[in-house]
Amino acid sequence: MLVKCLHNGNISQPHSHKNNNDIKAKVSTIDEVIQVQSADGNVLKYPWIWLRDNCQCSSCFNPKLQSRTIDWRTFDISVNPKSLHINNNILSIEWSDGHCSEFTLKWLHERSFTKDNQEKWLNDVYRLPKIPWSAADFPSVLKKFDYSDVIQSDKCLYEWLKALAEYGVAIVENTPIQEDQLRKLANRVSFIKRTHYGEEFEVRNKPDTTNVAYLSTPLQMHADLPYYEYKPGVNLLHCLVQTTGEGGDNLLTDCLHVSKILKEFHPEVYKILSTTLVEWSDIGEERGMKFFSLYRSPAICEDRWGQFARVNYSQQQRYSHFSIPLEDVIPWYKAHATFTQALYDPKNMVQFKTKPGDILSFDNIRLAHGRTGYTDTKSNERHLIGAYLDWDIVYSRIRTLKRQLNLI
Amino acid sequence: MRAAGVGIIQIVQQLKLAPTRVKRALLTSQVYQTKSFSATPQCYISKIQNEEKVFSENEMIHVVNENGNYMKYPWLWLRDNCQCKTCFNPQMQSRTIDWKYFDTSVHPKSYSRSNDLVNITWSDEHESQYSLKWLQEREFVPATQKKWLTQVYRLTQVPWNAANFSQVLKRFQYCNLIESDEKLLQWLESLAVFGIAIIEGTPSREDQLQKLANRVGFIKQTHYGEEFVVRNKPDTTNLAYLAVPLQMHTDMPYYDYKPGVNMLHCMEQTTEGGENQFVDCLYLSQLLKETQPDIYKTLSTVPVDWSDIGEEKKDAFHTLYRAPVICEDKLGQFARVNYNQWQRDSHFNVPLEDVISWYKANAIFTKALYDQKNMVQLKTRPGEIVTFDNIRLVHGRSGYSDSANNERYIIGSYLDWDIVHSRIRILKKEITRS
């Protein structure tokens, strides 16, 4: 049964329709929404304009492309509903522009404009919430996966990527000792992120290098490539050969955790670190191509909601140019010293050594990492292969796997 | 190294509904202190010679320049940037100081100036030397810093509209870009400053974009591959691959790491239709900020859900990114535009009361994009590559009739700005030097 809405834009009495499932829908002209009320009394509101914009009919939406095809050059934002109809859990709307739309209640419910529903979608589909950890939590946080499982099983691939997204670190064990295995793992996600160091890079003693990572001295805590606006998201380090002697340990600190501590106990320090622009740089030559990378960014970056988004920390890739007001320089150094203390604090930093066959994977946007020194000799080498992934690509894979595994 | 006691996760799990003050109490041991310099009677600073050309005050070294003015440099910054071989590796151009042991109470024990060198002996017995030129380049004054930022960091972008487009659009010859570093630099500078440039005379082969990208650095790969073909593809999951008009849009708003530079190599062009359209959103956003600040505010704060769901070469993807239409940087300046009707998801995760005003703002923005005062139109010919800033410009395409003897065939590819800016800096340094 169709209820005609005597609608000319001036009506103050919204009309409603009731169907045999006790789901009601009515037009509200006051706030320009359609209200859908279910049997339990829950009222969900949908702006007309959003409904019209998201019409699912074949002239407005291409289901194969999963894309809106409406031409916004001719979109009329004064469009309004003339009548409503609910039948078999489908809401039908006749619009003032003569168009007709149909929406399933399920589709509507998934997109309802309530805080809870939106938060659920953001956490389930957009990005998994990050869980901060300290050194004490680390043993329960660090998950290990078997390489062949991750290669063969989509469920295991998902679990690995989930651990990375939530905790920022995970280890993949029993990787064959061959140089192409890292690429094989990356291809399970999608593709490697290339930088001016190439796609896969070797971490071993290279005496004539322009990068301190390629020497056997200790590597201070740092994040890779802070001088890229598009900084590599995930760092993969495949251990082929590990030093038998002392040293060559990996150091990790969760800067999501550290930034929360600083915000709470050193708010002035946090403010300085999250606002003062530092110049990160990398100058040198790799495979015959010169580079001069430069990027200005605070040590702690917030997103537009004030949440932790990214850490930048490096002594060797922090430039001598410092283009800030003179009076901000000394406070920044003091804040930086506090931050450094926190990064090396045993309550925050963990230390462990990977073994041949381990791929250490971690969130390079979130964690700082380092390496203890080692004595590199003919009979005591250390050889790792590294590669990066972008989070855009990792998150896309997480979503397609979740759908495939019916988790969303 | 493991801390004693229960970890934060366990605590949070046990005290799921615990008030904030309880959680706070469990973290109280994480307070840090750093040392500061404090002047005491025992602190002795000796001035050896040329006293008036250098002195120390307020935790800074003051150095006189040719004009008789004093340039000031904080001690901490000087010590942090010591250029000696234990602190700095010139081959790596990297600081090698281990900051685990950096003493923030370090101060000069003595200092001197001899001609163009400033010498400092520090309280930690370390000795540093700085050339005047090096110091001048890094002086903490706005004019010097502005010069550095606009000449080395990133060139200043110059906005344009339809009226001045013809003066803005520069053309280059493909072979010159391959052979000449000066021409390569000019092309990249045009892109950085104006956001658009055309390359002519490109051989009609599919690998020419790759060759050009290799002159800059390397191609940015996306889930559509490295080079993508833009031609009529009936079974596609992307509108760009059909012959219908393509509304104004930016490519890949659903990537946090959105491709910076778009390069479209025209291999074959249709006789009618198929024109490229462009709008400079740096210009448009400034205009809106000035003339319609409420609209600008909505567009620059309300986050939109951009998405791309489909399959490419049997590989499924579901990309998503939340960002406003107009993105500002940390200094409140224009940073990026996102605009796309078919890659804007039906999910809209904002409070209900923000929805209608966003749609009204989107409508005004759309109108402005198609306004003849802002939008320009050009048709590339076979052999031309149109290159433009995909972070800054919005582009579109008029429809065309695709048939067996009226095809349109474009090859596309992307570059990241990190790579382009790096190449600009190197080329400038080398060309200036020679």
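**Core, interface and salt bridges**

Biologist: Leaving aside its neighbours within four places in sequence, which residues is Trp187(B) in contact with?

Modeller: This is a predicted model, in which local features need pLDDT of at least 70 and side-chain atom pairs count only at pLDDT 80 or more, while totals for chains, interfaces and linings use all residues. Residues are numbered from 1 along each chain as its sequence is written, chains are lettered from A and ligands numbered from 1 in the order in which they are written, and side-chain values use heavy atoms, with hydrogens and water left out. Contact means heavy atoms within 4.5 Å. On that basis, the partners of Trp187(B) beyond those neighbours are Phe172(B), Leu177(B), Ala197(B), Ile199(B), Leu212(B), Val216(B), Met263(B) and Thr387(B).

Biologist: Which residues touch the most other members of the largest nonpolar core?

Modeller: A nonpolar core is a set of buried Ala, Val, Leu, Ile, Met, Phe, Trp, Tyr and Cys residues joined through side-chain atoms within 4.5 Å. Buried means under 20% relative accessible area, exposed over 50% and partly exposed in between, with a 1.4 Å probe and protein chains only. The largest core holds 243 residues, and those touching the most other members are Trp160(A), Phe339(A), Trp187(B) and Phe365(B).

Biologist: How many residues are in the other core, which lies apart from it?

Modeller: Members from both chains are found there, among them Phe292(A), Leu294(A), Trp148(B) and Ile426(B). The size of this core is 9 residues.

Biologist: What area do chain A and chain B bury between them?

Modeller: The contact takes 118 residues from chain A and 114 residues from chain B. Buried area is the accessible area (1.4 Å probe) that two parts lose on being put together, summed over both. Carbon and sulfur atoms account for 59% of it, and the total is about 10700 Å².

Biologist: Which side chain of chain A meets Glu430(B) in a salt bridge?

Modeller: A salt bridge is a side-chain nitrogen of Lys or Arg within 4 Å of a carboxyl oxygen of Asp or Glu. There are 5 salt bridges between chain A and chain B. At 2.8 Å, N to O, the partner of Glu430(B) is Lys290(A).

Biologist: Is Ile391(B) buried or exposed?

Modeller: Helices (H or I, at least four residues) and strands (E, at least two) are DSSP runs, numbered from the N terminus. Ile391(B) sits in the loop between strand S21 (385-389) and strand S22 (393-397) of chain B. Its contacts beyond four places in sequence include Tyr230(A), Phe334(B) and Trp417(B). Because its relative accessibility is 11%, Ile391(B) counts as buried.

Biologist: How many residues apart in sequence are the parts tied together by Glu200(A) and Arg183(A)?

Modeller: The closest N and O atoms of this salt bridge are 2.8 Å apart. Glu200(A) lies in the loop between helix H7 (181-189) and strand S13 (201-203) of chain A, and Arg183(A) in helix H7, so the separation of the parts is 17 residues.
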